[in-house]
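Please go through this structure with me, one question at a time.

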Amino acid sequence: MKKVGFFGGSFDPIHFGHLNLAIEILERCGLDEVLFCPAFCSPFKTEHPPVASGDHRLEMVRRAISAIRQFRVTPVEIERKGPSFTVETLRKLQTKGASYHLILAEDAALHFDRWKEPQQIIELAPLIVGTRGMSVAVPMAKTTVQIPLFDISSTEIRARLKKKLYCGHLIPAKALDYIQEHGLYS
Ligand code: ATP
């Protein structure tokens, strides 16, 4: 049975915080692969939908993970459009021969009970949560992994890109080149 980490997010744009979390969890939880799934639109962010289109975000993820053999990306939520409910995606992804685990950072995990059908999600994909410290009790998490979470957010990166500030220390070069080629976030 292949052990797959499902990692959803807006990835607007993807950054080293996301990659670091995914690498740490892959290695420390013995996953076979991590499946990145850019959301068409997070149900929690419908008032502030992603700035870059789904196709651009998908391509940035694709480029950012291209050198990492165990990382893959799926367009399933971008193609489905509408609010991206994880429970629906996980139902669609269920296949023989793979068991899924949902990868989250602690900020997302702390309001997991507000997600659509959280119990069903846990049955389809038990949570693996990256936390900054033991003191954070994460409700419903099956596994918590203490990792040095990078203090980076896509929001901060978009603001830096708008101001034309350097971002090479925050985003993989291939994704940054793509942003510049297409004039995203300017
Ligand atoms: P935004 O600033 O636009 O809200 P974000 O940087 O928080 O975006 P998302 O794409 O919304 O990124 O996050 C997807 C997933 O990655 C979530 O589980 C989130 O908790 C996690 N995540 C976001 N930033 C980091 C980080 N710096 N380190 C580890 N995990 C992160």
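Q: Which residues of helix 2 are buried?
A: This is a predicted model, in which local features need pLDDT of at least 70 and side-chain atom pairs count only at pLDDT 80 or more, while totals for chains, interfaces and linings use all residues. Residues are numbered from 1 along each chain as its sequence is written, and side-chain values use heavy atoms, with hydrogens and water left out. Buried means under 20% relative accessible area, exposed over 50%, and partly exposed in between, with a 1.4 Å probe and protein chains only; helices (H or I, at least four residues) and strands (E, at least two) are DSSP runs numbered from the N terminus. In helix 2, residues 54–64, the buried ones are Gly54, Arg57, Leu58, Glu59, Met60, Val61 and Ala64.

Q: Against which elements do the buried residues of helix 2 pack?
A: Contact here means heavy atoms within 4.5 Å. The partners of these buried residues are helix 1 (16–28), strand 2 (33–38), strand 3 (71–73), helix 3 (76–80) and helix 8 (173–181).

Q: At what angle do helix 2 and helix 8 pack?
A: Two packed helices are described by the angle between their axes and the distance between the axes. Axes are lines fitted to C-alpha atoms, for helices over the stretch in contact, and angles run from 0 to 180 degrees between N-to-C directions. The axes of helix 2 and helix 8 are 7 Å apart, and the angle is about 145 degrees.

Q: Which residues meet where helix 2 contacts helix 8, and what are their classes?
A: From helix 2 come His56, Glu59, Met60, Arg63 and Ala64, and from helix 8 come Lys174, Ala175, Tyr178, Ile179 and Glu181. Ala, Val, Leu, Ile, Met, Phe, Trp, Tyr, Cys and Pro count as nonpolar, Asp, Glu, Lys and Arg as charged, and the others, Gly among them, as polar. By class, the contact has five nonpolar, one polar and four charged residues.

Q: Which residues are linked with Glu59 in a network of salt bridges?
A: A salt bridge is a side-chain nitrogen of Lys or Arg within 4 Å of a carboxyl oxygen of Asp or Glu. Glu59 and Arg62 form one at 3.1 Å, N to O; being three residues apart in helix 2, they are separated by about one helical turn. Arg62 is partly exposed, at 38% relative accessible area. The residues linked with Glu59 in the network are Arg62, Arg63 and Glu181.

Q: How many residues apart in sequence are the parts tied together by Arg158 and Asp12?
A: The count of salt bridges is 11, and one of them joins Arg158 to Asp12, with the closest N and O atoms 3.7 Å apart. Arg158 is partly exposed at 22% relative accessibility, whereas Asp12 is buried at 3%. Arg158 lies in helix 7 (residues 154–162) and Asp12 in the loop between strand 1 (2–9) and helix 1, so the parts tied together are 146 residues apart.

Q: In what order do the strands of the open sheet stand, and which are at the edges?
A: Two strands pair if DSSP finds at least two bridges between them. Six strands form this sheet with parallel pairing, in the order 3-2-1-4-5-6. Each edge strand has a single partner, so one side of each is left without a neighbour in the sheet; the edges are strand 3 and strand 6 (143–146).

Q: Which residue of strand 5 stands opposite Ala105?
A: Strand 4 (residues 98–105) and strand 5 (residues 127–131) pair in the parallel sense over four bridges. Opposite Ala105 stands Gly130.

Q: Is His18 buried or exposed?
A: His18 is found in helix 1. Leaving out residues up to four places away in sequence, His18 touches Phe7, Phe11, Pro13 and Ser154. At 15% relative accessibility, His18 counts as buried.
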